[in-house]
Amino acid sequence: MAALFDTLDPPLALAAEESRPQDGKKIFVKSFGCQMNVYDSRRMSDVAAGQGYSPTAEIEEADLVILNTCHIREKASEKIFSELGKTRELKERRAAAGRDTTIVVAGCVAQAEGGEITRRQPAVDLVVGPQNYHRLPDLLRQARATPGIVDTDFPIQSKFDHLPAAEPAATRARGVSAFVTVQEGCDKFCSFCVVPYTRGAEFSRPIAQVVAEIASLTAAGVREITLIGQNVNAYHGLGEGGEACDLAELLDRAAACPGVERVRYTTSHPTDMSPSLIAAHRDNPALAPFLHLPVQSGSNRVLEAMNRKHTVGDYLDIVAALRAARPDIALSSDFIVGFPGESEAEFEETLALTRKVGFASSFSFKYSPRPGTPGAEMKEQIDEETKARRLALLQGALEEQRQAFNRAAVGRVFPVLIEKIGRHPGQLIGRSPYMQSVLTEGEPDMIGALAEIEILSVGPHSLRGRIVGAKGVKETPH
Ligand code: SF4
């Protein structure tokens, strides 16, 4: 996959989007990094809700503060320790006012640093790795008795067997589009990536469990499901009869759930783009014609050094097969520039690849070494100035492609999932099949509907259009 790089968001205070003022204990979850962490943060909020915690957008009000950390960015650990310094001051202020605060560090930095976190910041009550969130109630009890608990084991049992479903009200507050984790971990060991070390080996949830989660989401109004995993297209979960099922089958099952209007999946590795998954883009009408398929580099030598296990030719063949299956499919990718030893000519090959494919959107980063990964030990690290210059060139080229793709939308009619009301009276905001934000005018009761929208103009960050029709919403079970 996954270069989880594709999905980096600014830190997100989940509580802000789902604040429900209530008396009693409050939880504040700050989520860093990828969609997997956003999903995990929500599931931790759901676990805490079962313990009587309601979300707050104000960290000062929180009796329980969870920092759900990400290890992808450079100096991730140092940033978390600086964040923890501020959280310790908060804990001291609240203690002076007679209020307890429990501080939890979760996510990939928790997994990577373990007991080092409580050693360097004793105000932390609990360090919990991504595979152990279902144990939070127990761990919190232990941490209250003996602060400084560290749980970063990879348990035999899956956390998904034990995590509670979200309350319908919490799901509704999160909107009409939802992530569902179907796969975790990675066996690929790309030489720049920490995921195989922090998230462990590949694991796939059984189909029945995923379908049950989707049913609870649609019952609360969700209309679009994005199946997520660090290497989602390696999915190989068990079907109801004990048979192994691939992602194409899971997408069929997800699309067949009453209430589901659109399905997506992210993030994928090129070597796991199986013929059945490519065919799903032709045969599954609910599957959005948009795929995030990271290539990382346009040089075969660099791809080999990255241990990507595919060539540029393999990637181009997959793109051609996808376009044959679904001619209107659009692609996005991740790129890393300045991988150790990358020559100017190899960088030029990356630029050439972007011109060959034509990406609708992309994420690109300077290589930065992650301790413990093979890339960090490689000689010929590229200097910062060269990396910055190459990144600027690449991002310029990718931005031109993004704008060209957006301009080409004018005059087309897209099915747009209406997600929320906009900032201006009568304005609605939705999302196109290609993840573009679309502004239109309409009634708030259209939220959750898949509207046919003719695109009239393009702004820097969104499209504008008018509703020309609406698909009926499938019946939802209650
Ligand atoms: S090691 Fe796995 S998660 Fe990391 S970039 Fe490679 S495929 Fe993606």
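Modeller: Helices (H or I, at least four residues) and strands (E, at least two) are runs assigned by DSSP and numbered from the N terminus. This is a predicted model, in which local features need pLDDT of at least 70 and side-chain atom pairs count only at pLDDT 80 or more, while totals for chains, interfaces and linings use all residues. Residues are numbered from 1 along each chain as its sequence is written, and side-chain values use heavy atoms, with hydrogens and water left out.

Let us begin with Ala48, which lies in helix H2. If we leave aside its neighbours within four places in sequence, Ala48 is in contact (heavy atoms within 4.5 Å) with Ile27, Tyr53 and Leu64.

Another buried residue is Phe365, which counts as buried because its relative accessibility is 16%. Phe365 belongs to strand S15, made of residues 361–366, and its C-alpha atom is separated by 28 Å from that of Gln131, which is 234 residues away along the chain.

We can now turn to a pair of helices. Helix H14, residues 344–357, and helix H16, residues 384–407, pack with their axes 10 Å apart and at an angle of about 10 degrees; the axes are lines fitted to C-alpha atoms, for helices over the stretch in contact, and angles run from 0 to 180 degrees between N-to-C directions. H14 and H16 are therefore roughly parallel to each other (angles under 35 degrees; over 145 is roughly antiparallel, 65 to 115 roughly perpendicular, and the rest oblique). On the H14 side the contact is made by Glu344, Phe347, Thr350, Leu351, Thr354 and Arg355, and on the H16 side by Arg389, Arg390, Leu393, Leu394, Ala397, Leu398 and Gln401.

Glu380 sits in the loop between helix H15, residues 374–377, and H16. Since its relative accessible area is 61%, Glu380 is exposed, and its phi is near 60 degrees, a positive value in a residue other than glycine. Most residues other than glycine have a negative phi, and most peptide bonds are trans. Asn307, which is not a glycine, also has a positive phi, of about 60 degrees. Asn307 lies in the loop between helix H12 (300–305) and helix H13 (312–325), and it counts as partly exposed because its relative accessibility is 31%.

As for the peptide bonds, the one from Thr266 to Thr267 is cis, with omega near 5 degrees. Thr267 is found in the loop that runs between strand S12 (262–266) and helix H11 (275–283).

Finally, His461 is found in the loop between strand S19 (450–458) and strand S20 (463–470).

Conventions: Buried < 20%, exposed > 50% of the residue type's maximum accessible area, 1.4 Å probe, protein only.
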